[in-house]
Amino acid sequence: MKEKIIKKILNGERLDEKEGLKLFDFELLELGYLARTVRFRINPEKIVTYVVDRNINYTNICISGCKFCAYYRSPGSPEGYVLNFEELAKKIEETINLGGYQILLQGGLHPQLPFSFYEEMLKFIKSNFPQIHLHAFSPPEIVHFSKISGLTIKEVLERLIKAGLNSIPGGGAEILSDRVRRLLSPNKCSSEEWLAVMETAHKLGLKTTATMMFGHIETRSEIIEHLLKIRDLQDKTGGFTAFIPWTFQPKNTRLRHLIKVGSAEYLRVLAISRIFLDNIKNIQVSWVTQGSHIAQIALEFGGNDFGSTMIEENVVAAAGVSHRLSEEEIRHYIKSAGYIPKRRKMDYTLLE
């Protein structure tokens with residue numbers, strides 16, 4: 001079985017679910033070699049891309065109650081906030097002054113804010129900062145907007161596009177297994193709803209990313225189930241520009257009793273993702289959760305993108321993990337790992 005799998009990978013043939021699961025039995029360095037081979041087949045040049053952007057969380061008030069989140073506050077909490085448009089403008093101005101190209105705009109599922117608030121927020125940003133690319137609202141937010149407005153997912157997306165939405169981040173996927181979702185985030189959209197938002201977005205011409213947060217209560221077969229669902233949808237629409245796996249950070253969450261997954265398991269899952277997702281061009285490494293040195297090693301395990309400068313990052317930081325890198329440092333780490341750093345747009349068009 002193992003020899004057959006290796007042969008298929010080296011010949012550029014697609015692995016099935018059973019073969020994908022078998023990859024977990026491979027030696028780590030063997031997996032790295034195979035993932036690197038796939039990486040250079042898909043992206044032959046020694047270029048590693050990155051984006052200069054800022055992650056703005058417009059509110060931390062959320063009714064989802066995810067057990068893995070240390071950032072949210074319940075409605076009525078004295079620590080809850082909603083950014084006003086003036087604060088938003090200040091953050092965007094700072095981003096532009098630092099050479100930023102896009103804003104990643106995400107927030108909690110706020111029970112009181114009407115759908116018109118989100119439309120107005122996008123219109124405000126676009127009218128004041130037309131040059132900014134708005135990468136906003138992950139699928140759970142879109143499903144939430146649909147529920148509070150009585151509009152369909154398609155209608156919600158059409159109205160947001162009209163207001164200035166450019167692309168959608170892949171957050172809120174966690175693990176696309178409803179067993180896991182029921183236990184971790186019962187008030188959040190189902191895996192089917194997450195995929196439906198992405199399919200609708202792709203059909204409306206929006207590009208999106210896909211993510212996976214692992215290292216909590218999922219099984220290895222559920223990791224493969226997640227990858228298969230992403231791959232199947234990509235076959236259908238071709239709308240995902242990148243896949244971003246990262247590890248769960250337990251500190252300060254209701255799952256703090258879980259042992260944090262180590263770097264070896266992160267590299268293993270990253271490599272498996274690169275091998276299995278044969279139809280997604282870009283795999284992003286996570287220096288935000290792993291630190292810069294593991295992110296460099298991850299470039300030898302199938303990664304070809306160093307992610308974002310994250311001028312601001314709150315959610316992972318709330319779980320006690322705070323890695324900070326400037327654009328200069330990102331370029332340094334890419335170069336010292338033996339690659340050529342290139343700034344990019346969300347759709348992976350190079351800016352240099």
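Helix H5 (residues 115-128) packs against helix H7 (residues 153-163) with an axis separation of 8 Å and an angle of about 25°. Axes here are lines fitted to C-alpha atoms, for helices over the stretch in contact, and angles run from 0 to 180 degrees between N-to-C directions; helices (H or I, at least four residues) and strands (E, at least two) are DSSP runs numbered from the N terminus. H5 and H7 are therefore roughly parallel to each other, a description applied to angles under 35 degrees. In this pair, Phe 115, Tyr 118, Glu 119, Leu 122, Lys 123 and Lys 126 of H5 meet Val 156, Arg 159, Leu 160 and Ala 163 of H7, contact meaning heavy atoms within 4.5 Å. The residues of this contact comprise six nonpolar, no polar and four charged (Ala, Val, Leu, Ile, Met, Phe, Trp, Tyr, Cys and Pro count as nonpolar, Asp, Glu, Lys and Arg as charged, and the others, Gly among them, as polar).

The model is predicted, with local features requiring pLDDT of at least 70 and side-chain atom pairs counting only at pLDDT 80 or more, whereas totals for chains, interfaces and linings use all residues. Residues are numbered from 1 along each chain as its sequence is written, and side-chain values use heavy atoms, with hydrogens and water left out.

Helix H6 (residues 139-149) packs with helix H9 (residues 191-203) at an angle of about 90°, their axes lying 9 Å apart. That makes H6 roughly perpendicular to H9, the range for this term being 65 to 115 degrees. Pro 139, Pro 140, Ile 142 and Val 143 of H6 form the contact with Glu 193, Trp 194, Val 197 and Met 198 of H9. Seven nonpolar, no polar and one charged residues make up the contact of H6 with H9.

An open sheet is formed by three strands in the order E9-E1-E10, with parallel pairing; two strands pair if DSSP finds at least two bridges between them. Strands E9 (305-308) and E10 (340-343) are the edge strands, each pairing on one side only. Neighbouring strands of this sheet are turned against each other by 20° on average, direction ignored. Strand E1 (residues 47-51) is joined to E10 by four bridges, and Thr 49 has Lys 342 in E10 as its bridge partner. Helix H15 (residues 327-336) lies across E1, E9 and E10 and runs at about 145° to E10.

Notes. Angles under 35 degrees count as roughly parallel, over 145 as roughly antiparallel, 65 to 115 as roughly perpendicular and the rest as oblique.
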